[in-house]
Amino acid sequence: MAQERALPPVVARMWGREPLTRRGPRPRLDLARIVSAAIELADTEGLAGVSMGSVAARVGVATMALYRYVGSKDELLTVMADSAVPAPPERGELPWRDYLALWTRANRDFLLERPWLLSLDRMTPPVGPRRMLWLDRALDALAGTALDEGEKVRAATALTGYALSDATLAHGMSAHGMNAEAGGPDEGGIGGAAEYGEVLAEVLDPLSYPALSAAVHSGVFRGAEGWVEDADFVFGLNLLLDGIEALNARRP
């Protein structure tokens, strides 16, 4: 019989798989309360406001008391990255393509609601119960297709990556625009996609950048309001979904 693999401590904590102990006084805290306090700090102050000390102060204990529940700040951030994620949307009777479009948009939207998640999403592969629920729902939507299990996982991963990259771009560009309007560091910079196109048209040498120069002069950025439009997100999403649909059609 194969020996059971020992789980990493942070994974055991997230899944409630830590061994129980009856020794010592009854704990004053639990992991959920600690993580909730850390998420509140991140929501109001960003990740810069999250430290073991600031979280301990928020729950009213000494800093060292937290280490009974989380082994390090990195472990705390890992649990936060999972606990801050909402439940995935319900599928109902939606076909797989319609559901995955809804699923990807919801994924992008919760990242924009809590932009501090954007940096945490790049730290480690998701291992928590909430993230795994999102993956499960995507795989369930693809269950009736002819894709094999590996292809289903890779399709869900591609859509997750697209949601992350689009949210990162949207957040970054929105922050740029707000700083410019407030007269901050970006004052005098480029105010949106339309102005960006005008700057590129001015500096691009058609001999060195023939394809890009032709695209810019054709007006690809002309008439844009702000930096990011929903049509851009839908265009990229449909490219991915078209690819999944084409792959499914090629299968017996």
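A: Helix axes here are lines fitted to C-alpha atoms over the stretch in contact, with angles from 0 to 180 degrees between N-to-C directions. Helices are DSSP runs (H or I, at least four residues; strands are E, at least two), numbered from the N terminus. The model is predicted, so local features need pLDDT of at least 70 and side-chain atom pairs pLDDT 80 or more, while totals for chains, interfaces and linings use all residues. Residues are numbered from 1 along each chain as its sequence is written, and side-chain values use heavy atoms, without hydrogens and water.

The protein chain has eleven helices and zero strands. Of its 252 residues, 33% are buried, that is, under 20% relative accessible area with a 1.4 Å probe, protein chains only (exposed is over 50%, partly exposed in between).

The part to look at is helix H3, residues 52–59, where Met52, Val55, Ala56 and Val59 are buried. They lie on the same side of H3, because they cover an arc of only 100° around the axis, taken from the directions from the helix axis to the C-beta atoms. These buried residues pack against helix H2 (31–45) and helix H4 (73–83); contact means heavy atoms within 4.5 Å. Just after H3, Gly60 has a positive phi of about 80°.

The loop between H2 and H3 holds Val50, which counts as buried at 1% relative accessibility. Its C-alpha atom is 6.2 Å from that of Ala38, twelve residues away along the chain. Beyond its neighbours within four places in sequence, Val50 contacts Ala38, Leu41, Ala42, Val55, Lys73, Leu76 and Met80.

Leu66 touches Leu29, Ile34, Met52, Val55, Ala56, Val59 and Val61, leaving out residues up to four places away in sequence.

H4, one partner of H3, also meets helix H7 (residues 129–141): their axes come within 6 Å and cross at roughly 40°. H4 and H7 are therefore oblique to each other. The contact is formed by Ala81, Asp82 and Ser83 of H4 with Pro129, Arg130 and Arg131 of H7.

Note on methods. Angles under 35 degrees count as roughly parallel, over 145 as roughly antiparallel, 65 to 115 as roughly perpendicular and the rest as oblique.
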